[in-house]
Every structure is written in structure tokens, then in C-alpha cells.
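Visitor: Please walk me through this protein. I would like to start with its overall build and then turn to its core and its rings.

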Amino acid sequence: MTTPDLSPGFLHATRTSYDAMAPAYVDFARGELAAKPLERALLSTFAELVATGGGGLPVADVGCGTGRVTEHLHGLGRGLDVFGIDLSPQMVAVARQEHPGLRFEEGSMLALDLPDASLGGLLAWYSTIHVPDEELPRAFAEFHRVLAPGGYVQLGFQVGDEPLRLTEAWGLDVSLVFHRRQPERIAELLRDAGLEVVSRVWRERETDGPFPERAPQGFVLARRPVVSGGCEDGDISATD
């Protein structure tokens, strides 16, 4: 992987913030999936769909952070070749230390250093939340580009209409914007990028337990259409 281009200002702020938070974040997030059965079920469904329809191609966990979800997918027993990509080199370093048997690379979802149609699946688990509205179509276009026909993309994100701005975490100065979006809007942008929406799931926020949330959670599953007759399924022919 090449070092990502950080020309958009939000990329630099996001990388710097997660670099600073990496040591504390790994301890904070440890065990989170064990406390969230719905999320585990959604990830299991994604893994099964990719295993049966992804043509044996690799799966990228884009915005993998400490690699905990990358490891979870790998451990589901579906035979997936899973690897992680993250903007923050310190998060990548933590992921490599925590999960030495898996591959983690530095990179940006706005310009993935991957060949066209090279993935059977792509996971963006609470990683598009830091991408501004005007850059989200660019990210989804990249998802479409790197997915092989029939490949799946699973998104997790926070639901809402107003962003959350964070300037402090664990006593550290950070500069993060958490963009909350409606599932319908995410689905619309995925369709605009040429992807078929398979399912949308909404979960109300959990206020109890070890991982309380500030907003409801949304999950959208989509697929790159399978090529048929020289075009992708869902394309409209010129004679329609």
C-alpha cells in the first residue's frame, strides 16, 4: 500500500486524531462485539454472502482501526481471506500487534490502492462516518470500483441529521467529526454509485451496558451487480 494522499483537510485531522487515540482505543473497544449480538449477526450474514458469492476473492475491512472486526470476520470459519486498511499508521501498528496473523495496511477509502474488481467483499464498519457529505460519493465510487461483480459491501454508521464534533477523548486533544446519516440517504448514494441495496437495518441506541451510544445505529448491505450480457444487472438499456 502507498501512503494515502492527505490533501483533503479532514483526512489529516482524522489520521492525527486516531494516531493519538490508538493506545487508549484498543483497550476501550476490546470486547465490544461480544456485547452486541445484532452486529455479530449482521457480520455473520455478510461473511456468508461473500463466502458463497464472492468468487473466493479477498475481503477488505476499510477503516479497520485496531483490527478487532477484521479478526472477527476471519474467525467466523467461512474461509475468507480478510485484511484491514486504515488511514492511521498508529492504528495499523496496533492492529498488527493485536492480530499478528492478519494483514493490515495504511490507506484511504477515497483512493484505495487496489486493482479494479479485486475484492469479493468490503466492510466499512463505522469508518465512513468521518467522510464529509461532499466526499462520500467518491468513497462509494471506489467501493464499486474495487468490488468484483457479485461482491458485497456492508456499512455500519450512526443515524441522525446533525454531526457530532469531538475535540477531546481520554484526555487527548482530537479533531473529529462524526457524520450521522439516514439509512435512506446512504442507500441512495450507494445506488448512485452503481451498487444494488440488499438490506437496511436500523437499531435504536443502547443507553445501558458497557458501550452506551449517543445515536441510533444504521446498517446497509449492498452488492455490485453481476455482469450479464455485457452490462451489469440493473443497468437500463438504451431501448428501454
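**Fold, core and rings**

Guide: The protein has six helices and eleven strands, taken as DSSP runs numbered from the N terminus (helices: H or I, at least four residues; strands: E, at least two). This is a predicted model, where local features need pLDDT of at least 70, side-chain atom pairs count only at pLDDT 80 or more, and totals for chains, interfaces and linings use all residues. Residues are numbered from 1 along each chain as its sequence is written, and side-chain values use heavy atoms, with hydrogens and water left out.

Visitor: How many residues apart in sequence are the parts that the pair of Tyr 25 and Trp 170 ties together?

Guide: Rings of Phe, Tyr and Trp (its six-membered ring) pair if their centres lie within 6.5 Å; planes under 30 degrees apart count as stacked, over 60 as edge-to-face, the rest as tilted. Tyr 25 and Trp 170 are edge-to-face, at 6.2 Å and 80°. Tyr 25 sits in helix H1 and Trp 170 in the loop between strands S6 (164-169) and S7 (172-178), so the parts tied together are apart in sequence by 145 residues.

Visitor: Is Trp 125 buried or exposed?

Guide: The ring of Trp 125 pairs edge-to-face with that of Tyr 126, with centres 5.7 Å apart and planes at 90°. The relative accessible area of Trp 125 is 8%, so this residue is buried.

Note on methods
Buried means under 20% relative accessible area, exposed over 50%, partly exposed in between (1.4 Å probe, protein chains only).
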